[in-house]
Amino acid sequence: MIIFSGGTGTPKLMNGLREVYPEEKITVVVNTAEDIWVSGNLITPDIDTVLYLLSGRLDTSKWWGVKGDTYLTHNAMKDMGYDEVMMLGDIDRATHIMRSDLIRSGLTLTEAIIGLSKSFGVKANVFPMSDDSVSSMINTPEGKMHFQDFWVGKHGEPEVLEVCQEGIEKATISPAVVEALEREDNVLIGPSNPITSIGPIIELPGMRDILKEKKVIAVSPIIGTEPVSGPAGKLMTARDIEVSSYGVASYYSDFLDHLIIDERDPIEDSRFKEIGCSVSRNDTLMKTVDISRNLAETVLRQF
């Protein structure tokens with residue numbers, strides 16, 4: 001199975017999936033459009049969340065970073081007048097240093113992540129969506145800014161006028177991802193932000209055409225007219241996409257076979273007929289591992 005992942009929603013689903021499906025049979029294609037260089041090192045937040053989850057290191061109270069991490073380096077730099085865009089833990093920073101050093105030595109991002117996966121003992125295949133640089137940029141009344149500056153630096157508060165992925169037109173799908181897609185017929189799009197977490201993956205040149213030949217199941221990150229978490233609502237509105245499960249389905253409509261929506265979502269199932277995808281319902285909030293596992297079992301039944 002191939003999983004498209006970004007943010008925290010998809011890792012929560014994977015936390016249950018790995019209890020009912022062999023990890024070694026999972027390939028995770030991860031968003032890299034939120035990657036950013038900080039203090040001389042490449043930060044790949046969505047990839048690291050997956051790596052930390054699958055290696056048992058993830059702080060699941062926050063769904064980012066390493067559990068039990070300290071922030072001595074970050075705080076020391078702040079005391080010296082250097083305030084990093086992101087609050088990086090000491091153990092987490094070691095991952096960034098290793099990855100950046102591997103890339104500086106001539107490895108691609110994919111090769112560097114494969115190396116880190118082996119170091120962490122991860123059984124699944126974890127691949128970046130591309131080895132090329134793509135950046136989600138948010139245009140606001142305060143100016144254009146990187147997604148991390150918008151979401152972490154500005155706490156997602158500015159009005160969103162436009163969202164774009166700089167570099168997407170020239171980027172290519174990672175060769176490892178292409179190879180995986182040639183082998184696998186089933187693709188799961190996790191309940192992550194459709195614009196800046198999943199969007200960059202599916203907007204890579206050629207990806208939508210590839211997905212049209214696959215069985216694609218998605219889990220909606222929207223309940224009613226509100227995202228479960230994060231700035232998806234603002235970002236979808238900026239793209240003139242309805243903030244609803246229907247809006248998510250319409251964005252994926254050219255390749256989507258089935259959408260799983262929350263059991264509490266008031267939307268009528270009949271709305272999805274015009275898109276041509278079937279729907280089913282489940283608890284998608286995943287407040288416990290048991291709920292995540294139950295949702296994962298529902299996903300597997302659709303394949």
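How do the residues of the lining of the second largest pocket divide into nonpolar, polar and charged? They divide into six nonpolar, six polar and three charged, where Ala, Val, Leu, Ile, Met, Phe, Trp, Tyr, Cys and Pro count as nonpolar, Asp, Glu, Lys and Arg as charged, and the others, Gly among them, as polar. The model is predicted, with local features needing pLDDT of at least 70 and side-chain atom pairs pLDDT 80 or more, while totals for chains, interfaces and linings use all residues. Residues are numbered from 1 along each chain as its sequence is written, and side-chain values use heavy atoms, leaving out hydrogens and water.

The second largest pocket has a volume of about 260 Å³. Its lining holds 15 residues, and Asp35, Leu42, Leu109, Asp132 and Ser133 are the closest to the centre. A pocket here is an open set of points on a 1 Å grid over the protein atoms alone, where a 1.4 Å probe fits, with protein on both sides within 12 Å along at least five of seven lines; lining residues have an atom within 4 Å of a point.

The largest pocket has a volume of about 880 Å³. Among its 41 lining residues, Gly7, Thr8, Trp63, Trp64 and Trp151 are the closest to its centre. Helix H2 (a DSSP run of H or I, at least four residues) gives the largest share of this lining, five residues.

Helix H2 is also the place of aspartate 48. Aspartate 48 is buried (under 20% relative accessible area), at 3%. Its side chain makes a polar contact with that of arginine 99 at 2.8 Å, the term meaning a pair of N or O atoms within 3.5 Å, one able to donate a hydrogen and the other to accept it.

Notes: Grid points are joined across faces, edges and corners, and a volume is the space filled by probe spheres set on the points. Helices (H or I, at least four residues) and strands (E, at least two) are DSSP runs, numbered from the N terminus. Buried means under 20% relative accessible area, exposed over 50%, partly exposed in between (1.4 Å probe, protein chains only).
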